[in-house]
Structure formats: structure tokens, C-alpha cells
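Hi,

Here's the structure I said I'd pass on.

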Amino acid sequence: MTWTVTPEPYDSPVAAALWRAYYTEVSDRWYLLHEGRRTDPAELEREIAARPGADLAPPGGRLLVARYGGEPAGSAGVRQLDGTTAELTRVFLHPSMRGRGGAPLLVRAAEDAARALGAARIILDTRGDLVEARGLYARLGYRETGPHNDNPYAEHWFSKDLA
């Protein structure tokens, strides 16, 4: 089996299914940690609908889908923030696909997409409980920085020069 990473329209059925899987996982993890319950289904639907990903459409963004053996396995988004900075977002691999080398390929493809948008630097934020993500970013050369946004769920911010 081999990995491929290709651009995908943010509003495709594949993108929608991956966004739902991503959001369900990160939301459930937060609620289980802080409130001992899973995400309320109505809240999940509202939040998914409120963030369809239009900011990941060209010309200022890209959504990438990783496939393993031709099957959708994960996604990552890049959006241009200004002339030199892009943001990495929605990095996700289905749990059954983790540990097979897809995450570094996906993040590197997102970095290439950011370069194509003209970015010399890429930034991201994540939460403290997403330890796997923080470890991945550190292994790929991201440095932890001070806050670059006011996201109420962000607890760690990272940056990487793309030169």
C-alpha cells in the first residue's frame, strides 16, 4: 500500500467526511477530558456547519487529502494569512491509519502548498491534550512560540520557516 496526497475541494463529500471525523475526535477528546462526556450531537452538527472550510479554497487556501491504498485516510488545510505567513490547520489521520508514515507526508505536502501560496513561514496552534500532534510538529522542525491568535482552545503555538 502507498500514500498519496492531493488537493481536494473543501466542499467535496470526501472533505466533508474527513472534517466530520476530525471534529468529532478533537471535540470528544476535549469534552471527555474536561466534562467526562462526549460532544452533544446537536452541538457537533452546529459547529461542523459553522466551519465548512471555505477559507481552505484557492486562491488563498488549500485542502489536501491523504489516501492510503487509494482510500481517504486524512487531511490537512493551509490558509494564507498574509504575504509571507500561512496557517496549518485541520491536520488529521483516521486512527486506524496512524503510525504508517502518512502524517509527515501530509504535513510536508501542506508546507509545499504554503510555499506555493508565497509563504516563507507556517504557523499553527493546538491543544495540550493533543500530544501526538505536538510530538509530530516537533519532529518535523516546528518550534513552539508565543501565542499568535486568541483561539480559546489553543494552548500551544508553533512556527516553522519554510525557506
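Arginine 37 sits over the face of tyrosine 31, 4.1 Å from the ring centre. There's another arginine to look at: arginine 90 puts its charged end over the ring of tryptophan 19, at 3.5 Å from the centre. Bear in mind that this is a predicted model.

Now for the ring pairs. With a cut-off of 6.5 Å between ring centres, the count is eight aromatic pairs. Take tryptophan 19 and tyrosine 22: the ring centres are 5.6 Å apart and the planes are at 20°, so this pair is stacked. Why are these two about one helical turn apart? Because they are three residues apart in helix H1, which covers residues 13–35. Tryptophan 19 and tyrosine 22 are both buried.

Tyrosine 22 also pairs with phenylalanine 92, and here the geometry is edge-to-face, with 6.1 Å from centre to centre and 80° between the planes. This pair joins distant parts of the chain: tyrosine 22 belongs to helix H1, while phenylalanine 92 is in strand S4 (residues 85–93), 70 residues apart. Like tyrosine 22, phenylalanine 92 is buried.

So which residues make up the aromatic cluster here? Trp19, Tyr22, Tyr23 and Phe92 form one cluster.

Cheers

Key. Residues are numbered from 1 along each chain as its sequence is written. This is a predicted model: local features need pLDDT of at least 70, side-chain atom pairs count only at pLDDT 80 or more; totals for chains, interfaces and linings use all residues. Side-chain values use heavy atoms; hydrogens and water are left out. Rings of Phe, Tyr and Trp (its six-membered ring) pair if their centres lie within 6.5 Å; planes under 30 degrees apart count as stacked, over 60 as edge-to-face and the rest as tilted. Helices (H or I, at least four residues) and strands (E, at least two) are DSSP runs, numbered from the N terminus. Buried means under 20% relative accessible area, exposed over 50%, partly exposed in between (1.4 Å probe, protein chains only). A charge sits over a ring if NZ of Lys or CZ of Arg is within 6 Å of the ring centre and within 35 degrees of the ring normal.
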